[in-house]
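Biologist: I am new to this structure, and I would like to understand the words used for it. Could we go through them one at a time?

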Amino acid sequence: RSYKTQRTFGYFVLGLEPRYWYWELFVKRFDIILVGIISDTFVAPEAKAKLVLYVVLSGVCLMGQLMCSPFVDQNAGLADRLEVAGLVIRFMSF
C-alpha cells in the first residue's frame, strides 16, 4: 500500500481485518443504497411490503456481520459488538 492510497482510503480500511478491507466500501454502502431504493422507488408499492423488505435487509446485514466479524479484535472486539448492537436495534425497530 502506498502512502497516498493509505492517506486517501485509510478511513475506510483502518480498524478492519485485512481480509475484509472492502467491508465499509462495498458492503455497508450497498446496504445504504438498498435502503434508499426500497424507500424512494416503487420496488414495494405498499408500506407493509416496504417494512417486510426493511426487516429482511436488516436481518441479512446482521447475519453478515455476525458471520464475518470484519473489525479487528482490539479492546475485546468492541467494534464488532457495537456494530452488532446497532444492527440488532435496527432489526428490532422494524
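Modeller: Let us start with Ser93, which is found in helix α4, where helices (H or I, at least four residues) are DSSP runs numbered from the N terminus. Residues are numbered from 1 along each chain as its sequence is written. The model is predicted, so local features need pLDDT of at least 70 and side-chain atom pairs count only at pLDDT 80 or more, while totals for chains, interfaces and linings use all residues, and side-chain values use heavy atoms, with hydrogens and water left out.

Biologist: What makes Ser93 count as exposed?

Modeller: Its relative accessible area is 55%, and the rule calls a residue buried under 20%, exposed over 50% and partly exposed in between, with a 1.4 Å probe and protein chains only; Ser93 is therefore exposed.

Biologist: Which backbone oxygen lies 2.9 Å from a polar atom of the side chain of Ser93?

Modeller: That oxygen belongs to Arg90, a residue that is also found in helix α4 (residues 78-93).

Biologist: Why is the link between the side chains of Arg90 and Ser58 called a polar contact?

Modeller: The distance is 3.2 Å, and a polar contact is a pair of N or O atoms within 3.5 Å, one able to donate a hydrogen and the other to accept it within protein, with residues adjacent in sequence counting only if both atoms are side-chain atoms. Contact in the wider sense means heavy atoms within 4.5 Å, and, leaving aside neighbours within four places in sequence, Arg90 is in contact with Asp31, Val35, Leu57, Ser58 and Cys61.

Biologist: How do you know whether α3 and α4 are roughly parallel or roughly antiparallel?

Modeller: The axes of helix α3 (residues 47-68) and α4 come within 9 Å and cross at roughly 165 degrees, where axes are lines fitted to C-alpha atoms, for helices over the stretch in contact, and angles run from 0 to 180 degrees between N-to-C directions. Angles under 35 degrees count as roughly parallel, over 145 as roughly antiparallel, 65 to 115 as roughly perpendicular and the rest as oblique, and α3 and α4 are therefore roughly antiparallel. The residues making this contact include Ser58 of α3 and Arg90 of α4.

Biologist: What is the arrangement of α2 and α3?

Modeller: Helix α2 (residues 23-40) and α3 pack at about 170 degrees with their axes 10 Å apart, which makes α2 roughly antiparallel to α3. Among the residues that meet there are Trp23 and Asp31 in α2 and Tyr54 and Leu57 in α3.

Biologist: Why is the pair of Tyr20 and Trp23 called edge-to-face?

Modeller: Rings of Phe, Tyr and Trp (its six-membered ring) pair if their centres lie within 6.5 Å, and planes under 30 degrees apart count as stacked, over 60 as edge-to-face and the rest as tilted. By this rule there are 5 aromatic pairs. The rings of Tyr20 and Trp23 have centres 6.2 Å apart and planes at 80 degrees, so this pair is edge-to-face. Trp21 and Tyr22 also form an edge-to-face pair, with 5.8 Å centre to centre and 90 degrees between the planes.

Biologist: Are Tyr20 and Trp23 buried or exposed?

Modeller: Both Tyr20 and Trp23 are buried, whereas Trp21 is partly exposed at 44% and Tyr22 is partly exposed at 27%. Ring pairs link Tyr20, Trp21, Tyr22, Trp23 and Phe26 into a cluster.

Note on methods: Helices (H or I, at least four residues) and strands (E, at least two) are DSSP runs, numbered from the N terminus.
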